[in-house]
Amino acid sequence: MEHLQIQGISLPRLGLGTFRIQGEVCRAAVESALGLGYRHIDTAEMYGNEDAVGAAIAASSVPRRDLHVTTKVWHENLASDAIRRAFDASLKKLRLDHVDLYLVHWPSRNMNLPAVFETLLKLKQEGRTRAIGVANFNLALLKTAVEEIKAPIACNQIEYHVMLDQTRVAKYLAAKSIPLVAYAPLAQGRTASDETLIAIGHKHGASAAQVALKWLLDQDGVAAIPKASRAESQQANLDALKLKLDDEDRKAIAALPKDKRFVNPGFAPAWD
């Protein structure tokens, strides 16, 4: 599988998202994904499933060096001491001595961004996380982090799919050689019923969801973490990597409305 190289880590471009998967279902999903060849697992303290992810990793025969694990600190825990407590708790639940990527899950209106990154960098320097990054940062926040604070951001994880235009943020990240990690890459299941995507899929012997996923992964510097609890769905996402979209397909997808955002908590700064 193709990887993105950034800040000393190797990020597999297709990962397993685990939002809203918990307990034994989550453990089984991660075990299944690892068995199928996934090496990028995404979780977060807010998901309430780090213990299940950790159990699956512990039961796996995959060498730790071959596995990429991302977790995130919740927006309520962005004071320096709170970040450390949250990180310690995440690492314990994951049964790991380090994670590969630790993200600010959501920005907070009252966060002290320089202090946040100072704490994250200390965790990196201590070898407890190999890289640091952000999620759900808009263009203004990205510029603050990258240009003013000069934080070594390894990614910005944002909602991105065929129904949502993220051109401005994507162009900025690309200019700075920072990966964009797309969550909800299948628009929370809505791509499956889109007639344009279904038609493109029929042309290639693929599903609409596979078309949507490959459209993302064909973009330079973009990774995607679709949630999939069933082995069949996990395999279908892997099989999307084999799909070859042509210019006609890309033109049809470009013509789709791209104004649908499905994740936007009220506590987060407004997107521009």
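Tutor: Let's start with a definition: with a 1.4 Å probe and protein chains only, buried means under 20% relative accessible area, exposed means over 50%, and partly exposed lies in between. This is a predicted model, in which local features need pLDDT of at least 70, side-chain atom pairs count only at pLDDT 80 or more, and totals for chains, interfaces and linings use all residues. Residues are numbered from 1 along each chain as its sequence is written, and side-chain values use heavy atoms, with hydrogens and water left out.

Student: Why is Lys150 called exposed?

Tutor: Its relative accessibility is 61%, and exposed means over 50%, so Lys150 counts as exposed.

Student: What makes the phi of Lys150 worth a look?

Tutor: Most residues other than glycine have a negative phi. Lys150 is not a glycine, yet its phi is positive, about 60 degrees. Lys150 sits in the loop between α5 (139-148) and β8 (153-159).

Student: And why does Gln188 count as partly exposed?

Tutor: Its relative accessibility is 38%, which falls between the cut-offs for buried and exposed. Gln188 also has a positive phi, near 55 degrees, and is found in the loop between β9 (180-183) and α7 (195-204).

Student: What makes Cys26 and Cys155 buried?

Tutor: Cys26 has 1% relative accessibility and Cys155 has 0%; buried means under 20%, so both count as buried.

Conventions. Helices (H or I, at least four residues) and strands (E, at least two) are DSSP runs, numbered from the N terminus.
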